[in-house]
Amino acid sequence: MTSLIIILGVVLVLAILYMIYRVSNLVSIAKGHDDEKVGTANKVNAALFIVFMVGSLGWFFWYSFAYYDNYTLPVASEHGKHTDFLFWITMGVTVIAFTIISIVMFVFIYQYQYQEGRKAKYFPDNHYLELAWTIIPAIVLAVLIFTGLRAWNDITGPASKDAELIEVIGQQFAWTVRYPGVKDKELGKVDYKLIDNFGNEFGLDLTDKNSFDDFKSLELHLPVDKEILLKIRAKDVLHSVFLPHFRVKMDAVPGMPTQFKFKVTKTTQQMRDELSNQNFNYEMACTEICGRGHFSMKMTVIVDDQETYEKWKASQEAWLKQNPDYLKKVPNALKEAAMIKAGMQRDPGPSVAEVNE
Amino acid sequence: MATTDIHTHQDVHHHDEHDEHGHHETNFWRTYIFSEDHKIIAKQFLITGIFWALLGGILSVIFRLQLGFPEVSLEWLRPVLGEWITAEGKLDPEFYLALVTMHGTIMVFFVLTAGLSGTFSNFLIPLQVGARDMASGFMNMLSYWFFFLSSVTMFTSLFLETGPAGGGWTIYPPLSALPQAIKGSGLGMTLWLVAMALFIVSSLLGGINYITTVINLRTKGMSFTRLPLTIWAFFFTAIIGVLSFPVLFAAALLLIFDRSFGTSFYLSDIYIGGEALAHDGGSPILFQHLFWFLGHPEVYIVLLPALGLSSEIIATNSRKPIFGYKAMIGSMLFIAILSFIVWAHHMFVTGMNPFLGSIFMLLTLIIAVPSAVKIFNYVTTLWKGNIRFTPGMLFSIGLVSFFLTGGITGIFLGNSAIDIQLHDTYFVVAHFHLVMGSASFFGMMAGVYHWFPKMFGRMMDNKLGYVHFWLTFVGVYLVFFPMHYIGIAGFPRRYYSWTNFDAFSGFADLNMLVSVAAIITLAAQFIFLFNFFYSIFRGRIASANPWNATTLEWTTPRNPGHGNWPGEIPSVYRWPYDYSKPGAKEDYIPQHIPYSETPESNLPHENELIKLETSNGSGAIIVEGSKH
């Protein structure tokens, strides 16, 4: 019943609007008002453009300065500082160009509105002007391009050999992280065909001895001030690793491992103190549409000083230790080494190991 | 010699045939439905485009409700959306993705490609080059009806139980290839691919026709350097479309193979739904390359016609020649060429080789130069003009403003180092909605207001047009400008909600503002709809040339019939922008007026041309040709 009344109400309002429109139209025709002539409406529109220009530019500058802290994310990585710098340089250049062109355009629009009896200037071309505004933007852009290129080459260049290796794996709709373990610092081989529903979510290939001490984490722990090389892969569809505070973004592609190297400059605690928010945490998000839960693919990121980070790593149990059933997949010759590396058996020391061999 | 005779004969015959057509009585079906007349086909594209624009707009408002008012119950939408509203009265997250996907697909392809190019290329090319009709009326008819079939298919997919395609309008596999990954990748995706295949057929049939008509059917004296900029824009657009759409077709076809026939073009190493798939050796990046090889030129397929329309409208209403006519053509040509070699700037962080990234960054930022030239030329055209603010002019100014605001953020995104942070955030959403979406939409609106008198023989109401413009202009800025801030803050696109993340949980206020502005902007379009349909039947009767414009279409009678000109097609003697020429009696001289009739305003070199002017204008071509 209420919806019927609403519908009737809407119809009534529309009918009234229509009648008003009809009547005003008929009145203007009866008055002999000549629509062909350029009249006051022209002046109103010209003035509105000036109002619009002043209002919108005013709002733009006011908001941009007043809410600067709201819309900028603090940066906590080395290359991030550089790309932020480039961002603000570009912002400076473009805002100047934008403001000048906008003002000139809207002022022309107002200034050269129709006037009875005036004739427009016949000005079909001018090569000097055209040359000027081809060359000047080209030079400005060239500068922006070359600074950008240098930054890009640095960021995507090869990582150093002692970079901290960490693997991030995307799947619908969660991230998992694999560390190479403290003993060999190498990630074990993986094969998606070895993934099963019982525990081997990495598809870990246990014939590779580098896999024995790999461990899994549901939080991304990172050391501060050390180069990190994120190895990124996906199990099902595309995902994208996004670490907003570190200015890191790289797609996770099934069948094509990707990587991103960066260096974090502030620990979680330092950032908490800086923002005076003790609940602050770094976060990792997904930025490539991946399905229903795309918006909820969050992983907490914890940045520690290097000592705490090493301690944390040492305290983690190897995956193989958590899933001892998989020992049977390890070739017999490597079983003992596997048990030692995974921390399931105390390391008997070098002498015993030699005897065994 | 004999050949020449035959040609002449055919020519004469051709004309006779058209004259007969003028008096030919055709039935309702052949006149309005399966019409081969370019003007009717243009109107068919326009009406279908308006339908899609409305639908695309409504879809966007539904997901804006979710983003702006995440707490509000959407229970009242249940009668329409049914199961897509969850038990808690919320939008289903998967349906949210479907909405985003369909909004993008509809707006990019069905509104701004078919609705814009389809309408105005069809309507204006024959009228402005001085042709009786398109090169092939039959192909033109097919082009519309393939588009119609495509529309029906796409529309049907909205009503599937599993929903329409939901993997984003870019349909990146593996998400779009695997029904296990998202419901929309089931039948919805199949229909999406079928609809797009039909769409590409339609677009190719249209494009080939536009190119042929512009090259072959120009009237006497209409050399390429006398073509209005609209025609240049449609011409480049059609060439870009013909070269790039087949690549999308190939991409879609391979995706169909992967989906249905077990091939592995795009799929490899996938473990989903508890099993490892057999697909091996494919590359999802390959799809992205193929997709963006169309996808980037597509931006210009959408934008160039809008720029062409607004060039014409701004010149006419400033009562000035467009500044730098040849520079405008040159920059469009340059943009058209560059548009094919910048596609990978959509892929800087997809894992593509970083070296390729640096090449594409270089090429991408070069494209800013011709774009800047266009803006400067528009502004100079306004300088010392005598500007009349018709609704068409207002929308054209709006276009230039959006092109500037949205274009300038491209300099950020084209820079691969800066793009790392901005990629797939709301900054991108703001950028392309302004520069491609809103600018093109405003070009389309400008075109409708400006050419309505020629389409329907009546005028649209100016005052309603002003209200429509200002609400839409301010509304669009309020929708998309705040998104820059949201994007700089790092908010990712295609998120159903941001509250999971501390970093993205702010900006409830801005998101609400955006949603309110979106609703108002959509509401304002109903003013246009009323104005449009009311004016078709009851608008003020238009004169043959209500804007005092120079181009050929305004030399046709009020309601041009089949064949466009009742008598002979006028010959062309001058370029299309002789506005406010010093010494001339009026502030415009139409293209079909010979120099011999305007001795008072001729420039010295134009006086030279008088003696070459023959009654049919053909002499003038030779001079143009030899001069350059």
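## A helix across the sheet

Two residues count as in contact here if their C-beta atoms, placed from the backbone, lie within 7 Å. With that in hand, take a look at helix α7 of chain A, which covers residues 306-315. This is a predicted model, and in it α7(A) lies across β4 and β10 of chain A. Relative to β4(A), the helix runs at about 140°.

β4 and β10 of chain A belong to an open sheet of 5 strands, and reading across it you get β4-β10-β9-β6-β7, with mixed pairing. β4 (220-223) and β7 of chain A sit at the edges, each pairing on one side only. From one strand to the next, the twist averages 25°.

Zoom in on β10(A), residues 299-304: this strand runs antiparallel to β9(A), and 3 bridges join the two. A:M299 in β10(A) has A:M284 standing opposite.

## Where chain A meets chain B

On to the interface. Chain A puts 86 residues in contact with 95 residues of chain B. Several elements of chain A give two or more residues to this side, among them the helices α2 (40-66), α3 (68-71), α4 (78-111) and α5 (127-156). The strands β6 (239-243), β7 (248-252) and β9 (282-286) of chain A also give two or more residues each.

Which element supplies the largest share of the side of chain A that touches chain B? That would be α5(A), with 15 residues. Sorted by class, the side of chain A that touches chain B has 45 nonpolar residues, along with 25 polar and 16 charged ones.

Terms used. Residues numbered from 1 in each chain as written. Chains lettered and ligands numbered in written order. Predicted model: local features only at pLDDT ≥ 70, side-chain atom pairs only at ≥ 80, totals over all residues. Helix = DSSP H or I, 4+ residues; strand = E, 2+ residues; numbered from the N terminus. Nonpolar A, V, L, I, M, F, W, Y, C, P; charged D, E, K, R; others polar. Pairing = 2+ DSSP bridges. Axes fitted to C-alpha atoms, helices over the stretch in contact; angles between N-to-C directions.
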